[in-house]
Amino acid sequence: MSRRQAHDQHPECAAAPAVSSVVDPEGQRGAAESGNAGAASNPTDPRESARAWFGSLFGRGLFPCLLLGPSDEIVAFSRPAEEITGYSVASIPTLRAWLQTVQRCPPGDLDWFLADYHQRVDADPVEVTIWPRAGGARFWRLRFSMVDHLAPDDRFILMSALDVTSERSLEALVALQE
């Protein structure tokens with residue numbers, strides 16, 4: 001059995017829509033799905049197309065991701081991001097709300113953090129503390145990547161996270177033992 005056949009027979013992979021990169025006749029790259037699962041209700045709305053693309057690739061992913069729209073709105077959360085933080089697009093609709101609620105940025109620093117996040121696109125990751133709705137603190141390493149194939153005139157940013165809470169806890173334990 002080939003690796004691709006094994007992948008396609010895995011229960012989670014078999015249920016997901018097949019996504020492939022395509023080039024339309026005008027040379028624009030995009031994502032196409034086979035079947036109608038996750039299709040946008042209004043294919044001409046870039047946010048609906050972005051939401052469908054994100055859902056097909058990251059909705060059931062293994063790590064937390066958010067898709068940010070051109071006006072700093074949060075277009076979509078991956079399931080792990082919702083489960084870990086306890087928030088969704090309905091409760092955290094913008095990057096500003098994310099910074100205020102989940103990262104607990106002081107009001108006077110919000111503009112600095114917004115500008116910093118935009119400068120981090122395709123740069124080194126940044127470690128932040130997040131505060132899930134359920135309580136406690138977690139440490140995430142965030143990376144920001146430009147998603148330029150969704151809409152020619154709009155800028156979407158994929159914010160992906162790696163939970164490094166265990167790593168931080170281990171570092172604290174080692175520091176206590178020294």
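I take two strands as paired if DSSP finds at least two bridges between them. Helices (H or I, at least four residues) and strands (E, at least two) are DSSP runs, numbered from the N terminus.

**Entry 1. Ground rules**

I am working from a predicted model, in which local features need pLDDT of at least 70 and side-chain atom pairs count only at pLDDT 80 or more, while totals for chains, interfaces and linings use all residues. Residues are numbered from 1 along each chain as its sequence is written, and side-chain values use heavy atoms, with hydrogens and water left out.

**Entry 2. Confidence**

I looked up pLDDT, the predictor's confidence in each residue, from 0 to 100. The chain average is 74, and 67% of the residues score at least 70. Confidence is highest in helix α5 (residues 95-101), at a mean of 95, and lowest in strand β1 (residues 19-23), at 27. Over residues 1-40 the pLDDT stays under 50. For that stretch the model has 45 contacts beyond four places in sequence, a contact being heavy atoms within 4.5 Å.

**Entry 3. Whole chain**

I noted 7 helices and 7 strands. Along the sequence they follow the pattern α-α-β-β-α-β-β-α-α-α-β-β-β-α. Of the 178 residues, 31% are buried; buried means under 20% relative accessible area, exposed over 50%, and partly exposed in between (1.4 Å probe, protein chains only). Of the contacts between residues at least 6 apart in sequence, 40% join residues at least 24 apart.

**Entry 4. The sheet**

I traced an open sheet of 5 strands in the order β4-β3-β7-β6-β5, with antiparallel pairing. Strands β4 (74-77) and β5 (126-130) are at the edges; each has a single partner strand, so one side of each is left without a neighbour in the sheet. From one strand to the next the twist averages 30°, with axes taken as lines fitted to C-alpha atoms (for helices over the stretch in contact) and angles running from 0 to 180 degrees between N-to-C directions.

I then went through individual pairings. Strand β5 pairs with β6 (residues 138-147) in the antiparallel sense over 5 bridges. Val126 has Leu142 of β6 as its bridge partner, and Ile130 has Arg138. On to β7 (residues 156-163): β6 pairs with this strand over 8 bridges, again antiparallel, and Ser145 is opposite Leu158.

Strand β3 (residues 65-68) and β4 form an antiparallel pair over 3 bridges, in which Leu68 is opposite Ile74. The β3-β4 hairpin has 5 residues between the strands, and there Asp72 takes a positive phi near 65°.

**Entry 5. Thr85**

I looked up Thr85 in helix α4 (residues 79-85). Its relative accessible area is 0%, so Thr85 is buried. A polar atom of the Thr85 side chain lies 3.1 Å from the backbone nitrogen of Tyr87. Beyond four places in sequence, Thr85 is in contact with Phe77, Trp98, Val102, Ile130, Pro132, Arg133 and Trp140. Among these, Ile130 is the residue whose bridge partner in β6 is Arg138.

**Entry 6. Phe58**

I moved to Phe58, in helix α3 (residues 46-58). Phe58 has 18% relative accessibility and therefore counts as buried. With residues up to four places away left out, Phe58 touches Trp53, Phe63, Cys65, Ser78, Arg79 and Leu158. Arg79 is 21 residues from Phe58 along the chain, with 8.0 Å between their C-alpha atoms. Leu158, also in the contact list, is the residue that stands opposite Ser145.

**Entry 7. Thr165**

I checked Thr165, in helix α7 (residues 165-177). Its relative accessibility is 12%, so Thr165 counts as buried. The Thr165 side chain makes a polar contact with the side chain of Asp163 at 2.6 Å. Here a polar contact is a pair of N or O atoms within 3.5 Å; within protein, one must be able to donate a hydrogen and the other to accept it, and residues adjacent in sequence count only if both atoms are side-chain atoms. The side chain of Thr165 also reaches the backbone nitrogen of Phe139, at 2.9 Å. Outside four places in sequence, Thr165 is in contact with Ala137, Arg138 and Phe139.

**Entry 8. Cysteines**

I looked for disulfides, that is, pairs of cysteine sulfur atoms within 2.5 Å, and the count is 0. Cys65 is buried at a relative accessible area of 0%, and Cys105 is buried at 8%.
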